[in-house]
Amino acid sequence: MLRAELRTRLGELSLDVALSVAPGETLALAGPSGAGKTSVLRAVAGLARPAAGRVACGDETWLDVAAGIDVPPEARGCGYLFQDYALFGHLSALETVAFGLRGRPRAQRRARARAGLERFGVEALADRRPAVLSGGERQRVALARALAPEPSVLLLDEPLAALDTRTRAAAARTLAGALAAASVPTLLVTHDFAEAALLGDRVAVIDAGRVVQEGTPAELAASPASAFVADFSGAVVLTGRARPGAGGLTDVALEGGGVVTSLDRHEGPVAATVYPWEITLAPLGSRADDSAQNRLEVGIVSVTTIAGRARVGLAAPQPLVAEVTAASAERLGLAPGGRVLAVWKAAATRLVAR
Amino acid sequence: MTGRHGWFIPALTAALTVTLAFLVLPVVAIFADTSPGRIAGSLGDGASAAALRLSLETTAIAIAVIVVVGTPAAYLLATRSFRGRAAVVTLLELPLVLPPAVAGIGLLAALGPRGLLGGAVADAHVQLVLATAGVVVALVFVAAPFYLRQAQSAFAAVDPAWLEASRTLGAGPAATWWRVAIPAARGGLTAGLALAWGRALGEFGATLMFAGSFRGITQTVPLAIYDRFATDFDGALALSAVLVAVSFALLAAVKLGDGSGALGGAAR
């Protein structure tokens, strides 16, 4: 079990975070850049010292500022995957993986390093320097290096951010496999909620130095605790004022006009959230999908088609995004400047207090 | 491309040509005026051979001292920030702009018999003035900043994440320095070593002022050249050719031995 409580000032930001990660579990610390995510990893690894706090791994205390304990990074032995991998430019892949195996007999070091490269399918690159490796290959060598000394904790800093979109999917599979096989606590940092949901057993959303919500990815998406979490997890956030409506529903009068309906009970200023893929678009005046409680007449601002999906920017007049198939976008003749009905169910509208 | 700005590239080319010709011409002239036979002959002369041996020995010792002490000092300057760091860096570069004669006077005032630390030097039973050890001291003084500057920028160019990665992999600060920082900075360190060695081989003023010019004891090749210049110009010319050849061979050996284009100067 890894436990960390950290408090420190980072320029304008005051970081105050408490985390615990069980062996074999992956906690994804997700948040926008500048939220203090990397500082948490550095403090756990011993690369930076917070003003106050404790870090303990199993029954070893690594840091206790009040008691004057600060174990240096080399004695903590965290497996650390750096954001741009930080592979040593002067060493071959094999030497790089063997770097952390000092103190073992030479033959054993080589065998272990080679086994590490084989595990990630890069044994053919053993003699290459990082300069000639692709991004995906570097990630594999860096993972092999971090795992070779059998660390007691695994720390991953934006493990996929340095990769282009083509290699990212394959690298994410490699990483997910490695994390599933790891029996140690793993702390992963990312600015991408989808990546956190994919790789983390639990996700802690961090904003401005504080964890604002923690739970499984499904829990966070289903009931975001704040408009920030909803927005960060990819939802559309509309602000307005809630009041009881007909049939036990809640009506939200949106700022700038329009009313949306939710099953959640709330009164006063709220943020209404809905995911873009829950919104369908219909021609004005259509009776399609009559059961849906939310029917908002909106203006089309933009239409972006990627791989068979169309992302439609709307003004309600608050900004709103819908994701529909490219085929239906074409059938509806969606184009900037046009007007359509945005339709979704009351159950898809979640309310959080503002 | 060749519009009305067509004169610009030719102008740059002309500037480079003039620069190259001016800087290379004297070196060419030394060899043009000296036959290989004369160079060999000048080495056969005992005084010249002694001067060459003394130059090689003293510069080798001076460079060893500079590397052993200067490398850790440069690493500290490059990787830690502390109060007064900029002042320290400037002070270390001072010998670069000091006229060699002034450097010699300064060394006398500091380490000479009546100098600031003259008593301590005498108590240690070390003779510097008019002694071979004094030559080494003068060489270290004038050549060290060349190495320190290069080493500092080479260490500063090492990605700090490499050093941190090394720490998380179980290497302490000293092991990280030895196993990551030095190999990563090797190109820049070698370039600094070559520059410092070249400067030490050519050292004249500070050595003359501080250690004097005694054959076989303090008379290095540059001093021997000056010694002959008045009486035996051809001999001085031949010895100059030897010094150019030795300097060039040393730089080439350092550069080739490193294999990473040391004089390119880049650390990575």
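**Helix 7 of chain B and the folds of both chains**

Helix 7 of chain B is mostly covered, with 21 of its 25 residues buried. The model is predicted. The helix runs over residues 132-156. From its first C-alpha to its last, helix 7 of chain B reaches 35 Å, close to the 36 Å expected at 1.5 Å a residue. A bend of about 40 degrees occurs at Ala143(B). A proline, Pro145(B), follows within four residues of that bend.

Chain B as a whole contains 13 helices and 0 strands. Its pattern along the sequence is accordingly written α-α-α-α-α-α-α-α-α-α-α-α-α. The C-alpha atoms of chain B fill a box of roughly 70 × 65 × 30 Å along the principal axes. Of its 268 residues, 40% count as buried. Contacts in chain B were considered between residues at least 6 apart in sequence; among these, 77% join residues at least 24 apart.

Helix 2 of chain B, residues 36-44, contains Ile39(B). This residue is partly exposed, with 19 other C-beta atoms within 10 Å. The cut-off for a buried residue is 20 or more such atoms. Leaving aside residues up to four places away in sequence, Ile39(B) touches Thr34(B), Ala238(B), Ala241(B) and Val242(B). Leu76(B) is 37 residues from Ile39(B) in sequence. In space, the two residues are 45 Å apart, C-alpha to C-alpha.

Chain A has 10 helices and 21 strands. Its C-alpha atoms fill a box of roughly 80 × 50 × 30 Å, again taken along the principal axes. Of the 354 residues of chain A, 44% count as buried. Among contacts in chain A between residues at least 6 apart in sequence, the share joining residues at least 24 apart is 64%.

One open sheet of chain A has 5 strands. Their order is 14-13-12-15-21, and the pairing is antiparallel. Strand 14 (259-262) and strand 21 (350-353) stand at the edges. Each has a single partner strand, so one side of each is left without a neighbour in the sheet. Neighbouring strands of this sheet are turned by 40 degrees against each other on average, direction ignored.

Pairing within the sheet can be followed strand by strand. Strand 12 of chain A covers residues 236-244, and strand 13 of chain A covers residues 250-254. These two strands run antiparallel and are joined by 5 bridges. Arg241(A) stands opposite Ala253(A) in strand 13 of chain A. Strand 13 of chain A also pairs with strand 14 of chain A, through 4 bridges and in antiparallel fashion. Here Val252(A) has Val260(A), in strand 14 of chain A, as its bridge partner. Strands 13 and 14 of chain A form a hairpin with 4 residues between them. In the turn, Gly256(A) has a positive phi of about 90 degrees.

Asp192(A) is 26 residues from Ala218(A) in sequence and 15 Å from it in space, C-alpha to C-alpha.

Ser291(A) is exposed because it has 7 other C-beta atoms within 10 Å, and 12 or fewer is the cut-off. Pro151(A) is 140 residues from Ser291(A) along the chain. The C-alpha atoms of these two residues are separated by 55 Å.

The two chains also meet. The contact takes 16 residues from chain A and 15 residues from chain B. By class, the side of chain A that touches chain B has 10 nonpolar, 4 polar and 2 charged residues.

Conventions: Residues are numbered from 1 along each chain as its sequence is written. Chains are lettered from A and ligands numbered from 1 in the order in which they are written. This is a predicted model: local features need pLDDT of at least 70, side-chain atom pairs count only at pLDDT 80 or more; totals for chains, interfaces and linings use all residues. The expected span of a helix is 1.5 Å times one less than its number of residues. The bend at a residue is the angle between axes fitted to the seven residues ending there and the seven starting there. Two strands pair if DSSP finds at least two bridges between them. Axes are lines fitted to C-alpha atoms, for helices over the stretch in contact, and angles run from 0 to 180 degrees between N-to-C directions. Two residues are in contact if their C-beta atoms, placed from the backbone, lie within 7 Å. Ala, Val, Leu, Ile, Met, Phe, Trp, Tyr, Cys and Pro count as nonpolar, Asp, Glu, Lys and Arg as charged, and the others, Gly among them, as polar.
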